[in-house]
Amino acid sequence: MNITRRTLLIIASLLVFQLLVFYLTSRAFFLQNFAQLEEQWAISNVKRALVFLESQEQNLITIAQDWAAWDDTYYFVQEPTEDYIKSNLVDETFESLGINLMLFINISGKLVFGKAYDLEAHQEVPLPEGWEEHFHPGSPLLHHTDPKDGKVGLITLPKGPMLIASYPIVTSEEEGPIMGTFVMGYYLTQAHAEKLSEVVRSPVSFLSLHAPQVPAGLARGEEFALHIVDSRTIEVFALLRDLYGQPALVLKVTMPRELYPRSQTAFYSFSLLNLLLGLAFGAVILLFLRQHLLSRLVRLSESLVAIARSGSISARVAVEGRDELAEVGAKVNELLASLEASRRALEESERWHRLLINSITDGLWVVDRELKLQQVNEPGAGFLGRKAEEISGKSMQELLEEPAFSDFREAFSRTVERGTVQTLSIPTGGKTLELRLYPIPDGALCIVRDVTELRRMESFYIRAQRMEAAGNLALAIAHDFNNFLTPILASTELILSGAVSPKESLALIEEIRKTCEKASTLVRQLLLFGRKEPLSLETLSLNSVIMDMKGLISRTLREGIELILELSPDLYPIKANRSHLEQILMNLVMNARDAMPEGGKLLIRTENVRLTDENLVHPEAYPGEFVRLIVKDTGIGMSPEVKERVFEPFFTTKEPGGGTGLGLSVVYSIMKQNRGWIEVESKLGEGTSFSLYFPVAKSEA
């Protein structure tokens, strides 16, 4: 989308936003205020109808007062006579007064006389059903506190609501004592609603409280409610309460909407005017921008596009005027000049970089996280027997054979994940290459050296060392086996000579057996120390091995040494050789025993541990889940010099004949075969602690 269309879109969006804000605010304030005024006017109109009803009530109570405060009525309620009835309670009286009901009730609450009249049928009818519920003894309509205590209001009868007035019967001078109650009333009919319609100049009707069109709020006791029928009509409802203060009847007034439609017309006219003004304003702005800004921006954009397509950053854009846009053009030209200078410098730098990289005798490989060779120098490509341009971008799996690729991938993963330098040697093409991997943001930088000759020299050196070690080993073994054979030969000669008793022969044979066991142990240690491949492994629990050997360990310890076992109940399984574990335990236990000649405590503890990159302290340690075996004594401890050489073969601090010096070196060899390691803590006089770390069996961890 070009800048002209974008500007037009922005102006149109702002215009739409302005109209939307105007519409919402106008609707919230302008139209809402007019709607409130209309509602207030409608409610005030209904109140006029209520005032008229109140005047009707006052008129009814006045008529009732005239009848009740009359000597003839006063005496009639005490002693009814036909003359009073024929003179006053005829049909014409009901017709002239517009009354449907008259009741004369004495002071005892009994009906003396009652008459009901149907104004529409123009004839006398029976008293309305349910009237007794309102005029029983104790009813507020029959209870008067003074001669002028009249009551007027609505009562609900099965036939319909009736406006009724109750007044105490007294003398014409309105003096007592009160002899009873005079009651008169009339039904609220459509004729009364039509009279109210003339007063409020709108259709009026009376509704039952439970009529479907009555709003729910009135049933909950609200005084007024409004209902918008359509854009031209509004209905207003008023709650009428009965004589007891309870909701009894609903007055509905249907009125035309005059104010709100006019306000809507004015609102829409003003909105249209605002729209037209907005369009005109937007057109003026767009015209101004097109003449003074957009056309220049288009020319600047076209110049930049032409430069980009040509790829020549030596070209420049035309600068027009002296405003900010001209300053932008000048800055673009400065940027192009800077880019041109930078490109020349970069090309020179790259030339020197390629010359420098290719002049290095070591190989350089840049490998990304997908194990693809992104950059390589000529020596690095030569180590792979290829040209640099042939192998750039290829996967290392294509360039290295197994097992060289697997070793490289494992070292690469450790470099990237841990951010540490890794070193390994791999065979390829009849050569031995030493790789040192350094972490970089997108993979690893690998320095490659050909160490074939170096390894050959090391092999000669190691072979010479082994020959020297073999000589030392032969001397040590010859010395030890001479110590073993001497008692065997002496005991055998004594037995063969017959110079000893059978009991003594048995003792000598037992000594021969013990000596042979010591020789057998030495042979097993030599075989294990010289082994290059691990024995068969199995998944087992270190706790089970310890508990199976508990009796043997206890018998091995001398008196005065306390054995303490702290075995984790939820210990992870490990993958190891059971005989190796037994040999490790016995070597560590016997060393601890020899370190406590005066007695002490021997602690054997197992526990699960999780190691991360942050808590690795041993050089051979790596992250993961491990089972840790701790063998700790309270013996004489070791000096720092002894601690440094504790795992060397044939190194021992014991007296001649006390040991071969192969025990801990065998333990170290077993731990290496199990991909574990040993941590040693010891101080003179404070004892020694060996911590052995076994990897958790992967299928069970």
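Here are some friendly questions and answers about this predicted model.

Me: Is C446 buried or exposed?
Reply: Let's start with the cut-off: buried means under 20% relative accessible area. C446 has a relative accessibility of 1%, so this cysteine counts as buried.

Me: What does C516 count as, going by its relative accessibility?
Reply: Residues over 50% are exposed, those under 20% are buried, and those in between are partly exposed. C516 has 40% relative accessibility, so it counts as partly exposed.

Me: Which helix gives the most to the nonpolar patch?
Reply: The patch lies on the surface and is formed by L20, Y23, L24 and Y268, with about 390 Å² of accessible area together. Y23, one of these residues, lies in helix α1 and is partly exposed at 32% relative accessible area. Three residues of the patch come from the helix that gives the most, which spans residues 3-68: helix α1.

Me: With which side chain does the side chain of N577 make a polar contact?
Reply: You can find N577 in the loop between β18 (574-576) and α17 (578-594). Its relative accessible area is 9%, so N577 is buried. At 2.3 Å, the side chain of N577 makes a polar contact with the side chain of S579.

Me: Where does E620 lie, and which side chain does its own side chain touch in a polar contact?
Reply: Look in the loop between β19 (600-611) and β20 (624-633) for E620. Leaving aside neighbours within four places in sequence, E620 is in contact with Y668, K672, G676 and W677. One of these also makes a polar contact, side chain to side chain, at 2.8 Å: Y668.

Me: What distance separates the C-alpha atoms of E620 and E679?
Reply: E620 is partly exposed, because its relative accessibility is 27%. Along the chain, E620 and E679 are 59 residues apart.

Me: Is S202 buried or exposed?
Reply: S202 lies in the loop between α5 (190-200) and β7 (204-207). Beyond its neighbours within four places in sequence, S202 is in contact with N45, S197, V253, T254, M255 and P256. Its relative accessibility is 5%, and the cut-off for buried is under 20%, so S202 counts as buried.

Methods: Residues are numbered from 1 along each chain as its sequence is written. This is a predicted model: local features need pLDDT of at least 70, side-chain atom pairs count only at pLDDT 80 or more; totals for chains, interfaces and linings use all residues. Side-chain values use heavy atoms; hydrogens and water are left out. Buried means under 20% relative accessible area, exposed over 50%, partly exposed in between (1.4 Å probe, protein chains only). Patches are made of residues with over 30% relative accessible area and no salt bridge: like charges are joined within 9 Å, nonpolar side chains (Val, Leu, Ile, Met, Phe, Trp, Tyr) within 5 Å. Accessible areas come from the Shrake-Rupley method with a 1.4 Å probe; for residues, only the protein chains shown count as cover. A salt bridge is a side-chain nitrogen of Lys or Arg within 4 Å of a carboxyl oxygen of Asp or Glu. Helices (H or I, at least four residues) and strands (E, at least two) are DSSP runs, numbered from the N terminus. A polar contact is a pair of N or O atoms within 3.5 Å; within protein, one must be able to donate a hydrogen and the other to accept it, and residues adjacent in sequence count only if both atoms are side-chain atoms. Contact means heavy atoms within 4.5 Å.
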